[in-house]
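I am opening a notebook on this structure.

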Amino acid sequence: MTTTLTDPAPSVTPDAAVHNPRAVERLVTGQATRDGDGVKLTRVLTQPLQRRLDPFLMLDAFGSDDADDYIGGFPDHPHRGFETVTYMIAGRMRHRDSAGNEGLLENGGVQWMTAGRGIIHSELPEQEQGRMEGFQLWLNLPAADKMGTPGYRDIPTGEIPELRLAGASVRVIAGASHGVAGAVQKAHTEPLYLDLHLEPGATFEQPLPAGHNAFVYVYRGELEIDGGAARTSVPRERMAVLANAADRDGVRLQAGPQGARALLIAGRPLDEPIAQYGPFVMNKQAEIFQAVEDFRAGKFGVPPGR
Ligand code: CO
């Protein structure tokens, strides 16, 4: 093997280009609802979309300057069979769980919790005024991991890798973008979770495996998705489901005149049956009955309390 004294010139990441971008299959408006102890939120990814957006089960967006909309928080409640990924844009939320974990989730930070065979947790605001804004995504676990050990990881904002391109900065929460590896890498579902900050008119593209399900959720400004033959405008607070086709290799988008901030989320589908009852997501109904029984029998551990 030959060695050279000079470093090779930096090269463009070979897989960063998109040649034949995906079109938008449909735009989705979330459903306004309340959850936990009266927290006002928008359920963007609802149960009827779970098959289509497998392995993702739910996406909630919350954002309010009015403490009445969030002050109740989410007191003790159980989960089994999947993962919750909470991303705070603004505000402070305290997490405590039956596995003995405790953490403070703050501006720009992420909490990645694996419920596995069962966890009871509370998520409570640690502020009485000011803005509370963020997202909670539910990511399914493969059948083989649903009864695994519960886990929890706090990722403070400073530990989320950031990619800088002309007119764009990208926070890489999971997966990888243009050669920047995200804070979280996962086998099986290979989730990609990007928070895009785009200046007015800026473009961004991201290669995506054709079989992975993908969507974009715009939370500031607006953007256009260039699907080759068709361009689709995506206004604020809309989710664009990206069409899957064997010959399409990624997504290409452009911010509107006010710029845009958006989540780009993608993952490999599990293609396994989904049985859900509230905070329990398993494969079969019998496993749901078992989850309810185990929870009632105290097998999820001691609740952390309010
Ligand atoms: Co929860």
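**Pockets, sheet and metal**

Entry 1. I began with the residue classes around the second largest pocket: seven nonpolar, six polar and eight charged residues make up its lining. I note at the outset that the model is predicted. For the volume of this second largest pocket I have about 370 Å³. I then looked up which of its 21 lining residues are closest to the centre, and these are T42, A61, F62, G63 and E237. Two or more lining residues come from each of β3, β4, β11 and β19 (213–226). The most is given by β4, with four residues.

Entry 2. I turned to the largest pocket, whose volume is about 510 Å³. Its lining has 29 residues, and I list D35, R43, M58, D60 and W138 as the closest to the centre. The elements with two or more residues in this lining are β2, β3, β4, β5, β7 (92–97), β10 and β11 (132–140). Which strand gives the most to the lining of the largest pocket? I find that β4 does, with four residues. By class I count nine nonpolar, 15 polar and five charged residues in the lining of the largest pocket.

Entry 3. Next I traced the sheet. I see an open sheet of seven strands with antiparallel pairing, in the order β2-β3-β4-β11-β6-β9-β12. Which strands stand at the edges? They are β2 (31–35) and β12 (151–155); each has a single partner strand, so one side of each is left without a neighbour in the sheet.

Entry 4. Strands β2 and β3 are joined in the antiparallel sense by five bridges. Within this pair I find D35 opposite V39 of β3. The hairpin of β2 and β3 has three residues between the strands, and G36 there takes a positive phi near 60 degrees.

Entry 5. I then checked the next pair, β3 (residues 39–45) with β4 (residues 56–64), which is antiparallel over three bridges. For L45 I looked up the bridge partner in β4, and it is L59. Both β3 and β4 also give two or more residues to the lining of the second largest pocket.

Entry 6. Last, the metal site. Which residues coordinate the cobalt ion? I find H77, H79 and H121, each through NE2, at 2.0 to 2.1 Å. The sequence spacing of these donor residues is H-x1-H-x41-H. H79 lies in strand β5 (residues 74–79) and H121 in strand β10 (residues 119–125), so this pair ties together parts that are 42 residues apart in sequence. Are H79 and H121 buried or exposed? I have H79 as buried, and H121 likewise. I also note that β5 and β10 are among the elements that give two or more residues to the lining of the largest pocket.

How values were computed. Residues numbered from 1 in each chain as written. Predicted model: local features only at pLDDT ≥ 70, side-chain atom pairs only at ≥ 80, totals over all residues. Heavy atoms only, no water. Pairing = 2+ DSSP bridges. Donors = N, O, S within 2.8 Å, 3.2 Å for Na, K, Ca; no water. Buried < 20%, exposed > 50% of the residue type's maximum accessible area, 1.4 Å probe, protein only. 1 Å grid on protein atoms, 1.4 Å probe; cavity = no way out; pocket = protein on both sides within 12 Å on 5 of 7 lines; lining within 4 Å. Points joined across faces, edges and corners; volume = space filled by probe spheres on them. Nonpolar A, V, L, I, M, F, W, Y, C, P; charged D, E, K, R; others polar.
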